[in-house]
Amino acid sequence: MREGIVDLPDDDPRAVKMALEKLSDEARTLQNILAFFDPDQVLERLITDTKAELDDDKLQFLFDEFDFGDAVMELTRAALVTRIAASKTLSIHRLVQLSVLKQLSTNQKVYYFDTVVQILYHDFPNTWAAKGPYQGHGYKSWETCSVVLVHINWLMSLSHDHKVTPNSLDTWAELIFRAGTYLWEKEQPTLAHSFFEFGLSLKIDNNGVVAAQAFRLLGHISLDLARPRAALKAYREALAARQRIEKPDSPPIADVYDSIACSLTEIGDVVEATKYLERAMAIHMAHDPLKRGRTEAIRALTFLRAGDSERSLEALQTCWELQGLKQEEVEASDYPKHSGDIALLSRIYWMQGEKDRAQELMSRTISIRRGLFGQHGGPRVADSMFQLAHMLQARDRDVLAAKLLNEIIDISEGAVEMRGHLARGLWFLAGVEQKLGSPDSRYNELRTRARHERSKMIGREGGDEDANESFMSLISWMLW
């Protein structure tokens, strides 16, 4: 049931202004706070159940069930907000929101902006920089993240449109980075990249832990976008920040060495990558050898890129042993990165000539990733499908390969995140259909579309050659 008694004329700011002037102090404060939330749906619990320590006396009514309820009732009676009782959500007409913002002084805007930042900062799960076997991955908190994300996005728009700079700049930046990390985890690297760029454009302390972690995550995102050189640049920024606040042989330095090695491996410089992995390994062995799991995983990647499948398999299995895991447990895990482990294992087996086992495992990653990201999935689902198609094509199972490539094209159409997958799928489908005897017109159409989609990709680091290698470079060598 919607609660609200009086209807205000949507096109009459004067009526809104008069209604605002009649509010009690608590109702006016709540209305001002709501102006900094996305207007379409504000869960009351985001405000009332927040762990934020709001010391200002005038905000204490937010944590009193009856006082808060009275303020909400006053706003609904004045038709300034609408409340859905069943879900305990509030919505605000955009005209009302705009009127409220216009009436606030610059200092008031900063005050309420800071207040909402503190609320959302304590509502949004803080996993982006956490240590442990899951490397800070927040997949278990995705549902909560999605609820808060829209309000962070709204604050970013308000900050830009109304030129509001909060006092709690580092807190604001970290909140943006947490949101960007969630978007990256949810297979939206392009949008995630924009969040990190926004956060890093703020005047935060570049010598702090937050900036160091932000640059490192920006590198991860760049790798997902097949921009290994941009990733390397971000990782070097992360290293510089870490070196200003950490001892040279500390584990956080080793973590960045791992990341640098990963980007170098993607570039194809396995010799230099190995040097950084050796540095990381030396640090871990000096501190706690059991914490070197991620280093072993990247060693597995680097060895495979160098063509050494035996050492790659050994490193991957060591990575799992350090986590107390067996292969069966990794395959059954709902931790998203474990699907990448299985994809890597598949490619190791393929290099070793165990073709059936490799195909079986790559097919398994499609199921795992669809379970995580939905039936249509995203970049990682498409990459698993492509790797399987590539294996099938190499074994002259062209009909099945064409079916997978067509499916990749279908799920990639119209999605910015998927443009590289679309271009690659089109390019290789042309070759498969040519083998199957399709007319030249079909081959030429597919190749033309592939070039067109490639041309629309922003920030790509590869060239424009009409070659398989050029289209392979549109996607990371290993999309973990």
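1. Glu26, Ala27, Leu30, Gln31 and Leu34 of helix α2 meet Phe68, Ala71, Val72, Glu74 and Leu75 of helix α4, where contact means heavy atoms within 4.5 Å. The residues of this contact comprise 7 nonpolar, 1 polar and 2 charged; Ala, Val, Leu, Ile, Met, Phe, Trp, Tyr, Cys and Pro count as nonpolar, Asp, Glu, Lys and Arg as charged, and the others, Gly among them, as polar.

2. This is a predicted model, in which local features need pLDDT of at least 70 and side-chain atom pairs count only at pLDDT 80 or more, while totals for chains, interfaces and linings use all residues. Residues are numbered from 1 along each chain as its sequence is written, and side-chain values use heavy atoms, without hydrogens and water.

3. Helices α2 (residues 25-34) and α4 (residues 65-77) pack at about 75 degrees, their axes 9 Å apart. The pair is therefore roughly perpendicular, a term covering 65 to 115 degrees. Axes are lines fitted to C-alpha atoms over the stretch in contact, and angles run from 0 to 180 degrees between N-to-C directions. Helices are DSSP runs (H or I, at least four residues), numbered from the N terminus.

4. Helix α10 (residues 209-224) has 16 residues and spans 23 Å from first to last C-alpha, close to the expected 22 Å, which is 1.5 Å times one less than its number of residues. Of its 16 residues, 14 are buried (under 20% relative accessible area, 1.4 Å probe, protein chains only). Just after α10, Ala226 takes a positive phi of about 60 degrees.

5. Glu296 lies in helix α14 (residues 293-305). Glu296 counts as buried because its relative accessibility is 4%. Apart from neighbours within four places in sequence, Glu296 is in contact with Met281, Ala315, Thr318, Cys319 and Leu322.

Definitions and conventions:
Helices (H or I, at least four residues) and strands (E, at least two) are DSSP runs, numbered from the N terminus. Angles under 35 degrees count as roughly parallel, over 145 as roughly antiparallel, 65 to 115 as roughly perpendicular and the rest as oblique. Buried means under 20% relative accessible area, exposed over 50%, partly exposed in between (1.4 Å probe, protein chains only).
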